Amino acid sequence: MTSISLPAFCLVALIGASGSGKTTFAHAHFRPGEVLSSDAFRLMVSGDENDQDATHDAFEALYFVARQRLKRGLLTVIDATNVQADARRRIVTLAKEFDVLPVALVLDLPEGVLTERHRARSDRTFGPHVIPQQVMQLRRSLGKLQAEGFRQVTVLHTPEEVETATFTRTR
Ligand code: GTP
(Lines give C-alpha, C1' and ligand atoms only; values in the text may rest on other atoms or scores of the structure.)
Protein backbone atom coordinates (compact mmCIF):
# COMPACT_ATOMS: atom_id res chain seq x y z
CA MET A 1 0.00 0.00 0.00
CA THR A 2 1.34 3.41 -0.95
CA SER A 3 0.97 6.09 1.69
CA ILE A 4 1.25 9.58 0.26
CA SER A 5 2.03 12.45 2.56
CA LEU A 6 1.07 15.87 1.25
CA PRO A 7 1.74 19.30 2.69
CA ALA A 8 -1.51 21.05 3.65
CA PHE A 9 -0.73 23.64 0.97
CA CYS A 10 0.61 22.32 -2.31
CA LEU A 11 -0.15 22.27 -6.03
CA VAL A 12 -0.78 18.72 -7.19
CA ALA A 13 -0.42 17.68 -10.82
CA LEU A 14 -2.18 14.45 -11.66
CA ILE A 15 -0.32 12.84 -14.54
CA GLY A 16 -1.72 9.94 -16.52
CA ALA A 17 -3.10 8.87 -19.87
CA SER A 18 -6.81 8.98 -20.54
CA GLY A 19 -8.51 6.22 -18.59
CA SER A 20 -5.83 5.93 -15.92
CA GLY A 21 -8.44 7.01 -13.40
CA LYS A 22 -7.25 10.53 -12.54
CA THR A 23 -10.73 11.97 -12.04
CA THR A 24 -11.93 8.94 -10.07
CA PHE A 25 -8.80 9.05 -7.90
CA ALA A 26 -9.07 12.80 -7.35
CA HIS A 27 -12.67 12.60 -6.24
CA ALA A 28 -11.87 9.77 -3.85
CA HIS A 29 -9.09 11.64 -2.09
CA PHE A 30 -9.67 15.38 -2.44
CA ARG A 31 -12.51 17.72 -1.62
CA PRO A 32 -14.64 18.82 -4.59
CA GLY A 33 -13.40 22.43 -4.74
CA GLU A 34 -9.79 21.28 -4.62
CA VAL A 35 -9.91 19.48 -7.97
CA LEU A 36 -9.74 21.49 -11.19
CA SER A 37 -10.45 19.14 -14.05
CA SER A 38 -9.71 20.08 -17.66
CA ASP A 39 -12.77 18.08 -18.75
CA ALA A 40 -15.01 20.00 -16.37
CA PHE A 41 -13.64 23.32 -17.66
CA ARG A 42 -14.08 22.20 -21.29
CA LEU A 43 -17.67 21.39 -20.42
CA MET A 44 -18.15 24.77 -18.72
CA VAL A 45 -16.73 26.86 -21.54
CA SER A 46 -18.12 24.90 -24.50
CA GLY A 47 -20.89 22.60 -23.32
CA ASP A 48 -18.86 19.54 -24.34
CA GLU A 49 -16.10 17.99 -22.22
CA ASN A 50 -14.68 16.32 -25.35
CA ASP A 51 -14.45 19.51 -27.42
CA GLN A 52 -10.72 19.69 -28.08
CA ASP A 53 -11.20 23.07 -29.82
CA ALA A 54 -12.16 24.45 -26.42
CA THR A 55 -8.93 23.27 -24.78
CA HIS A 56 -7.16 26.63 -24.84
CA ASP A 57 -10.10 28.51 -23.34
CA ALA A 58 -10.75 25.74 -20.83
CA PHE A 59 -7.18 25.95 -19.52
CA GLU A 60 -7.32 29.74 -19.35
CA ALA A 61 -10.38 29.39 -17.11
CA LEU A 62 -8.79 26.56 -15.11
CA TYR A 63 -5.64 28.58 -14.47
CA PHE A 64 -7.66 31.62 -13.50
CA VAL A 65 -9.40 29.59 -10.81
CA ALA A 66 -6.14 27.92 -9.73
CA ARG A 67 -4.61 31.36 -9.16
CA GLN A 68 -7.60 32.47 -7.09
CA ARG A 69 -7.19 29.38 -4.90
CA LEU A 70 -3.42 29.58 -4.52
CA LYS A 71 -3.72 33.25 -3.63
CA ARG A 72 -5.83 32.07 -0.68
CA GLY A 73 -3.35 29.37 0.33
CA LEU A 74 -5.62 26.51 -0.73
CA LEU A 75 -4.39 23.11 -1.87
CA THR A 76 -5.19 22.69 -5.56
CA VAL A 77 -5.19 19.65 -7.83
CA ILE A 78 -4.85 19.94 -11.61
CA ASP A 79 -6.71 16.99 -13.13
CA ALA A 80 -5.51 16.80 -16.74
CA THR A 81 -3.38 14.25 -18.57
CA ASN A 82 -0.23 16.38 -18.12
CA VAL A 83 1.76 13.88 -20.20
CA GLN A 84 3.37 16.70 -22.17
CA ALA A 85 6.28 18.68 -20.77
CA ASP A 86 4.68 22.00 -21.75
CA ALA A 87 1.60 21.29 -19.66
CA ARG A 88 3.74 20.39 -16.66
CA ARG A 89 6.00 23.41 -17.10
CA ARG A 90 2.97 25.64 -16.74
CA ILE A 91 2.11 23.94 -13.44
CA VAL A 92 5.64 24.23 -12.03
CA THR A 93 5.77 27.89 -13.09
CA LEU A 94 2.47 28.55 -11.33
CA ALA A 95 3.74 26.84 -8.17
CA LYS A 96 6.86 29.02 -8.20
CA GLU A 97 4.75 32.12 -8.66
CA PHE A 98 2.88 31.34 -5.43
CA ASP A 99 5.85 29.76 -3.64
CA VAL A 100 3.97 26.51 -3.17
CA LEU A 101 5.30 22.95 -3.42
CA PRO A 102 4.59 21.31 -6.81
CA VAL A 103 3.68 17.64 -6.37
CA ALA A 104 3.41 15.03 -9.14
CA LEU A 105 1.02 12.12 -8.69
CA VAL A 106 1.49 9.78 -11.61
CA LEU A 107 -0.95 7.03 -12.61
CA ASP A 108 1.23 4.90 -14.87
CA LEU A 109 -1.09 1.98 -15.59
CA PRO A 110 -0.44 -0.80 -18.11
CA GLU A 111 -1.53 0.15 -21.63
CA GLY A 112 -3.79 -2.92 -21.80
CA VAL A 113 -5.81 -1.71 -18.81
CA LEU A 114 -6.22 1.73 -20.41
CA THR A 115 -7.33 0.45 -23.81
CA GLU A 116 -9.74 -1.97 -22.16
CA ARG A 117 -11.28 0.85 -20.10
CA HIS A 118 -11.39 3.10 -23.16
CA ARG A 119 -13.36 0.47 -25.05
CA ALA A 120 -15.87 0.25 -22.21
CA ARG A 121 -16.42 4.03 -22.05
CA SER A 122 -19.16 5.90 -23.85
CA ASP A 123 -18.02 9.34 -22.64
CA ARG A 124 -14.92 9.60 -24.83
CA THR A 125 -15.20 10.53 -28.49
CA PHE A 126 -11.56 10.10 -29.52
CA GLY A 127 -10.22 6.85 -30.90
CA PRO A 128 -8.14 4.28 -29.01
CA HIS A 129 -4.96 5.29 -30.89
CA VAL A 130 -4.64 8.25 -28.51
CA ILE A 131 -3.86 5.96 -25.58
CA PRO A 132 -0.53 4.42 -26.73
CA GLN A 133 0.65 7.89 -27.74
CA GLN A 134 -0.11 9.29 -24.30
CA VAL A 135 1.46 6.25 -22.60
CA MET A 136 4.65 6.80 -24.60
CA GLN A 137 4.73 10.48 -23.67
CA LEU A 138 4.19 9.59 -20.03
CA ARG A 139 6.92 6.93 -19.94
CA ARG A 140 9.39 9.35 -21.52
CA SER A 141 8.49 11.90 -18.87
CA LEU A 142 8.87 9.71 -15.82
CA GLY A 143 12.59 10.18 -15.26
CA LYS A 144 12.41 13.93 -15.80
CA LEU A 145 9.80 15.05 -13.31
CA GLN A 146 12.21 15.95 -10.48
CA ALA A 147 14.41 17.89 -12.88
CA GLU A 148 11.35 19.74 -14.19
CA GLY A 149 10.82 21.05 -10.67
CA PHE A 150 8.37 18.64 -9.03
CA ARG A 151 9.59 18.39 -5.45
CA GLN A 152 7.59 15.29 -4.63
CA VAL A 153 6.90 12.53 -7.16
CA THR A 154 4.75 9.45 -6.54
CA VAL A 155 4.17 6.88 -9.27
CA LEU A 156 1.39 4.30 -8.99
CA HIS A 157 1.76 1.43 -11.44
CA THR A 158 -1.27 -0.85 -11.06
CA PRO A 159 -5.03 -0.50 -10.51
CA GLU A 160 -4.48 -2.12 -7.10
CA GLU A 161 -1.89 0.49 -6.12
CA VAL A 162 -4.24 3.23 -7.24
CA GLU A 163 -7.21 1.77 -5.37
CA THR A 164 -5.32 1.23 -2.09
CA ALA A 165 -3.26 4.43 -1.96
CA THR A 166 -3.86 6.52 1.14
CA PHE A 167 -3.17 10.18 1.88
CA THR A 168 -2.15 12.13 4.91
CA ARG A 169 -1.74 15.89 5.04
CA THR A 170 0.98 17.52 7.02
CA ARG A 171 1.19 21.10 8.21
P1 GTP B 1 -9.63 11.11 -18.84
O2 GTP B 1 -10.58 12.12 -18.24
O3 GTP B 1 -10.13 10.54 -20.14
O4 GTP B 1 -8.22 11.61 -18.92
O5 GTP B 1 -9.62 9.84 -17.85
P6 GTP B 1 -9.21 9.75 -16.32
O7 GTP B 1 -7.77 9.39 -16.21
O8 GTP B 1 -9.66 10.96 -15.57
O9 GTP B 1 -10.02 8.50 -15.85
P10 GTP B 1 -11.45 8.46 -15.15
O11 GTP B 1 -11.31 8.62 -13.67
O12 GTP B 1 -12.37 9.39 -15.87
O13 GTP B 1 -11.85 6.95 -15.41
C14 GTP B 1 -11.87 6.42 -16.73
C15 GTP B 1 -12.62 5.12 -16.74
O16 GTP B 1 -11.93 4.16 -15.97
C17 GTP B 1 -14.02 5.24 -16.15
O18 GTP B 1 -14.89 4.45 -16.92
C19 GTP B 1 -13.88 4.68 -14.75
O20 GTP B 1 -15.06 4.06 -14.32
C21 GTP B 1 -12.74 3.68 -14.92
N22 GTP B 1 -11.93 3.64 -13.71
C23 GTP B 1 -11.32 4.68 -13.12
N24 GTP B 1 -10.67 4.30 -12.01
C25 GTP B 1 -10.87 2.96 -11.91
C26 GTP B 1 -10.43 1.97 -10.99
O27 GTP B 1 -9.71 2.23 -10.02
N28 GTP B 1 -10.81 0.69 -11.24
C29 GTP B 1 -11.57 0.38 -12.31
N30 GTP B 1 -11.90 -0.90 -12.49
N31 GTP B 1 -12.01 1.27 -13.20
C32 GTP B 1 -11.67 2.55 -13.01
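This is a predicted model: local features need pLDDT of at least 70, side-chain atom pairs count only at pLDDT 80 or more; totals for chains, interfaces and linings use all residues.
Trainee: Which residue in β6 does L105 stand opposite?

Mentor: L105 stands opposite T154 in that strand.

Trainee: And in what sense do β2 and β5 pair, parallel or antiparallel?

Mentor: Those two strands pair in the parallel sense, over six bridges, and within that pairing L105 of β5 is the bridge partner of L14.

Trainee: Is β5 mostly covered or mostly open, then?

Mentor: Strand β5 is mostly covered, since six of its seven residues count as buried.

Trainee: Switching to the largest nonpolar core, which residues touch the most other members?

Mentor: That core has 24 residues, and the ones touching the most other members are L11, I15, L62, I78, I91 and F150. The elements that give two or more residues to this core are β2 (10-15), α3 (55-71), α4 (85-97) and β5 (101-107).

Trainee: Which of those gives the largest share?

Mentor: Helix α3 does, with six residues.

Trainee: What about another core, apart from that one?

Mentor: Another core lies apart from the largest one, and its 23 residues include C10, L14, F25 and L109.

Trainee: How do side chains sit along a regular strand?

Mentor: As a general point, the side chains of a regular strand alternate between the two faces of the sheet.

Terms used:
Residues are numbered from 1 along each chain as its sequence is written. Side-chain values use heavy atoms; hydrogens and water are left out. A nonpolar core is a set of buried Ala, Val, Leu, Ile, Met, Phe, Trp, Tyr and Cys residues joined through side-chain atoms within 4.5 Å. Buried means under 20% relative accessible area, exposed over 50%, partly exposed in between (1.4 Å probe, protein chains only). Helices (H or I, at least four residues) and strands (E, at least two) are DSSP runs, numbered from the N terminus. Two strands pair if DSSP finds at least two bridges between them.
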